Amino acid sequence: MYSLTDFHLMTQYPSHTDQTISDLKRYLQEFHKTKDVFLCFCAGKKVKKAAAEAHKNLWKEQSQASIADLTISEKLKLRHADALQRQELVGEILREGAHYNFPKIHLISHYMEQIVKFGVLGQFSTDIAKAMHKEFKNAYRYSNKINATCQIITTYTRDHTFAMKDLTISAWTRIRELEHQTTNGGIRLE
C-alpha cells in the first residue's frame, strides 16, 4: 500500500544507481498489483450516479418483498443479507466503472527510462508552475466571482507592481549603504 509513496520518494533521490532503478520498478509493480483497493475512489460522476441508482432500485425491489410470514430473527437476517447484496452491487459497479487510465499514472511508468537517459527527475518538477498559480488563485479568492478575470488581472498586476517597488527600494537601500561605507571607510567603488 505504501509502494506509491516509496516510489515517489525514491524518484526524488539526488542520484540513482542500478539498485534504485530496480527498486523503483519493484515499487511500481507492487502498486499496480494492489491498486484495486483505491478503484472505488477513481470512479467518475456518471459511474457513481449509476451505482446510486442501482442501489435505490434494488432497495425498492427488496422492500417490496413480503416479509409478513417471517420471524423477527429471520427478518433481521434478511435485511442484513439485503444490505450486503446492495453493498456488493454498488462495489461491483464502482470497480467496473473505475480505472487508472489517466496521464499522471501513465507517466510514472516512464520514470525509470527517463532517469537512465537524463539523470535525476528534477527537471520534471511542477513545483514552479504550481507556485506561479498561487497568486492567481489568491486573486480569484479576493474577487467577487463576477467578471473575475478583470479583477484577477487587476489584483495580480497591483501585487506584482508592489513587489517590484519593494525590490527597487531594497536595492537602492543596499546601494546607499555601500556608498556610505565607501565614504566612511575610504573604500571607493567604481
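Let me start with Lys48: at 43% relative accessibility, this residue counts as partly exposed. Its place is in helix H3.

Is His55 buried, partly exposed or exposed? His55 has 31% relative accessibility, so it counts as partly exposed. Now go from His55 to Lys165. In sequence they are 110 residues apart. In space, C-alpha to C-alpha, they are 61 Å apart.

One more pair of this kind. Ala171 sits in helix H8. Its relative accessible area is 31%, so Ala171 is partly exposed. How far apart in space are Ala171 and Ile67? The answer is 84 Å, C-alpha to C-alpha, for a separation of 104 residues in sequence.

Now the whole chain. The protein chain has eight helices and zero strands. Read from the N terminus, the elements run α-α-α-α-α-α-α-α. The radius of gyration of the protein chain is 30 Å. For 190 residues the globule rule gives 16 Å. The value for this chain is well over that, so the chain is more spread out than a compact globule. The box tells us about its extent: along the principal axes, the C-alpha atoms fill roughly 105 × 55 × 30 Å. And burial? Of the 190 residues in the protein chain, buried residues make up 21%.

Next, salt bridges. How many are there? The count comes to two.

Look at the accessibility of the two partners. Arg26 is partly exposed, at 41% relative accessibility. Asp23 has a relative accessible area of 13%, so it is buried. The cut-off matters here: buried means under 20%.

The other salt bridge joins Asp159 and Arg158, again through their side chains, at 3.9 Å from N to O. Asp159 counts as partly exposed, at 31% relative accessibility. Arg158 is partly exposed as well, with a relative accessible area of 42%.

On to surface charge. Which residues form the positive surface patch? They are Lys104, Lys130, Lys137, Arg141 and Lys145. Helix H7 gives the largest share of this patch, three residues. Lys104 comes from elsewhere: it is found in helix H5, residues 103–107. With 64% relative accessibility, Lys104 counts as exposed. The cut-off for exposed is over 50%.

Lys145 brings us to the loop. This patch member lies between helix H7 (127–142) and helix H8 (148–185). Its relative accessibility is 44%, so Lys145 counts as partly exposed. Now check the backbone. Phi of Lys145 is near 70°, a positive value in a residue other than glycine. Why stop at that? Because most residues other than glycine have a negative phi.

There is a second case in the loop between H7 and H8: Asn147 is found there. What is the phi of Asn147? It is about 55°, positive, although Asn147 is not a glycine. Is Asn147 buried or exposed? Its relative accessible area is 53%, so Asn147 is exposed.

We have a predicted model with eight helices and zero strands. The chain is more spread out than a compact globule. A positive patch takes its largest share from H7. And the loop between H7 and H8 holds Lys145 and Asn147, with positive phi at Lys145 and at Asn147. That is my tour.

Notes:
Residues numbered from 1 in each chain as written. Predicted model: local features only at pLDDT ≥ 70, side-chain atom pairs only at ≥ 80, totals over all residues. Heavy atoms only, no water. Helix = DSSP H or I, 4+ residues; strand = E, 2+ residues; numbered from the N terminus. Buried < 20%, exposed > 50% of the residue type's maximum accessible area, 1.4 Å probe, protein only. Patch = residues over 30% accessible without salt bridge, like charges linked within 9 Å, V, L, I, M, F, W, Y side chains within 5 Å. Areas by Shrake-Rupley, 256 points an atom, 1.4 Å probe, with all protein chains shown as cover. Salt bridge = Lys/Arg side-chain N within 4 Å of Asp/Glu carboxyl O. Lys, Arg positive; Asp, Glu negative; His and termini not counted. Charge placed at Lys NZ, Arg CZ, Asp CG, Glu CD. Rg over C-alpha atoms; globule rule 2.2 N^0.38 Å.
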